[in-house]
Amino acid sequence: MVIVTHSPSLSDRERRQRAWDVAAGVVDPEIPVLTIADLGVLREVAIRDGGVEVAITPTYSGCPAMNMIALEIELALEREGFGKPKVRTVLSPAWTTDWMSEEGRRKLREYGIAPPEAASSRRALFGVEQVTCPQCGSGDTEVLSEFGSTSCKALWRCKSCREPFDYFKCH
Amino acid sequence: MAVASITVSETPLVLYALRRADDALILGHRLSEWCGHAPMLEEDMALANMALDLLGQARELYSYAAKVEAKDNDEDRFAYLRDVRQYRNLLLVEQPNGDFARTIVRQFFYAAFADPYWRAMMSSTDATMAAIAAKSEKESAYHLRHSSEWLIRLGDGTDESQRRAQGAVDDLWSFTGEMFWVDGAERALIEAGVAVDPSSLRPRWLRTISDVMAQATLAMPKSEWMQHGGRSGRHSEHLGHLLSELQSLQRTFPGVTW
């Protein structure tokens, strides 16, 4: 492995931007088309005392991908010569699907996962969500289970093309 | 057991965080016992997902308790190295899974309480508790919807599912009063705006319960006698068995990691 050492002439501001770009390229291990920047999981990158500090926020409290994401950030930054960064988890403000970028929503759809709809229906005890099938675009869909293959997804089925699909649920 | 239990300095805030953490850990552990045994694949995933949410909440709360206590304890030591009498969870959450109806009723009683509880806690004057609540509240909303839908399906289902659901409601009812119980230590935190006063949530809880039970064609229990003890470490015989499984590895091989 080649270790790249940054020239000390780079300003902290430039280093911070480069570190952000490196961290932002880390993908969610469970939805590899999305980067942590697309998801809104990457909250802050700072240069403190010459070292890099990264703040990430969990999607769900028990999301097992968080350890993996933290490790991937460390590896990516070390690989790019930033030394061992400090990755910390912040809880507040709580992550919401509203932070997902438009780019992220498009990538999800193309990957076959329906992106989150407006979060307003979450509070209703028996929510009436309208989810569009990412396969055929039909709105004639039904929920199979509120809990899918990962904490952040529900399992739906399209009544038009008959295909089941994952729905990234509102949070 | 090869490792001695830890001692905990239970200041009011440490105790408060541990009580909530223990609820989440023990209920999460119970739900995880269904993994591979649920009546259908979707439910297997749903119960495991909820267990994961609860485990995540427990970890945040234990870590905060450790930070406040500022001794050598951490989330793992709280979970793995306390005895039954040191656990502070509700008696409700330690009750065995029984059949699927019993698991759903237990979940429903707890989620109908936890959902408004976390929402109220979001206004806590304690920033960490408020942040943990803001995450947990989103998850509990899904847990409540899940168990409500199942309770209606079971209660308003076949004769057998109705009989089993009603039996579980009647059996578990006496454990619901403890959710609204408060002692002196907690009272002081409530007055300081750190803790939520659970008694203020009781009317709302009762309304959720009676609305869903009516849709499920289930009868509200008449009994008003309530069982207490879990919050002060006096548990049913079931918790010891649960902990012996949960803790066996760490007690046998101290500090072992993957």
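This is a predicted model: local features need pLDDT of at least 70, side-chain atom pairs count only at pLDDT 80 or more; totals for chains, interfaces and linings use all residues.

Trainee: What holds paired strands together in general?

Mentor: Strands of a sheet pair through backbone hydrogen bonds, either parallel or antiparallel.

Trainee: And β8(A) with β9(A): parallel or antiparallel?

Mentor: Antiparallel. Strand β8 (residues 153-158) and strand β9 (residues 164-168) of chain A pair over five bridges.

Trainee: Which residues face each other there?

Mentor: Two examples. A:W156 has A:F165 in β9(A) as its bridge partner. A:A154 stands opposite A:Y167, also in β9(A).

Trainee: How many residues sit between the strands of that hairpin?

Mentor: Five, in the hairpin of β8(A) and β9(A). Look at A:R162 there, as its phi is positive, near 70°.

Trainee: How many bridges join β7(A) to β8(A)?

Mentor: Four, and these two strands run antiparallel. Find A:E142 on screen, and you'll see A:R157 of β8(A) opposite.

Trainee: Switching to helices. At what angle do α1 and α3 of chain A pack?

Mentor: About 135°. Helix α1 covers residues 12-24 of chain A, helix α3 covers residues 65-79 of chain A, and their axes are 9 Å apart. That angle makes α1(A) oblique to α3(A).

Trainee: Is the crossing left-handed or right-handed?

Mentor: Right-handed, as α1(A) passes α3(A).

Trainee: Which residues meet?

Mentor: From α1(A), A:A19, A:V22 and A:A23. From α3(A), A:I73, A:A76 and A:L77. By class, this contact has six nonpolar residues, no polar and no charged.

Trainee: Now chain B. What about α1 and α2 there?

Mentor: Helix α1 (residues 12-32) of chain B packs with α2(B) at about 155°, and the axes are 7 Å apart. The label is roughly antiparallel, because the angle is over 145 degrees. The crossing of α1(B) past α2(B) is left-handed.

Trainee: What classes of residue make up that contact?

Mentor: The contact of α1(B) with α2(B) has 21 nonpolar, three polar and two charged residues.

Trainee: Next, the two chains together. How many residues does each give to the contact?

Mentor: Chain B gives 24 residues and chain A gives 20 residues. On the side of chain B, α2 (41-69) and α6 (127-155) each supply at least two residues. The largest share of that side, 14 residues, comes from α6(B).

Trainee: And by class, on that side of chain B?

Mentor: Eleven nonpolar, six polar and seven charged residues touch chain A.

Trainee: Last one. Where does B:R202 lie?

Mentor: In helix α9 (residues 202-215) of chain B.

Trainee: Why does B:R202 count as partly exposed?

Mentor: Because B:R202 has 16 C-beta neighbours inside 10 Å. A residue needs 20 or more to be buried, and 12 or fewer to be exposed. Also check B:F180, which is 22 residues from B:R202 along the chain. Their C-alpha atoms are separated by 7.0 Å.

Technical notes
Residues are numbered from 1 along each chain as its sequence is written. Chains are lettered from A and ligands numbered from 1 in the order in which they are written. Axes are lines fitted to C-alpha atoms, for helices over the stretch in contact, and angles run from 0 to 180 degrees between N-to-C directions. Angles under 35 degrees count as roughly parallel, over 145 as roughly antiparallel, 65 to 115 as roughly perpendicular and the rest as oblique. A crossing is left-handed if the near helix is turned anticlockwise from the far one by less than a right angle, and right-handed if clockwise. Two residues are in contact if their C-beta atoms, placed from the backbone, lie within 7 Å. Ala, Val, Leu, Ile, Met, Phe, Trp, Tyr, Cys and Pro count as nonpolar, Asp, Glu, Lys and Arg as charged, and the others, Gly among them, as polar. Two strands pair if DSSP finds at least two bridges between them.
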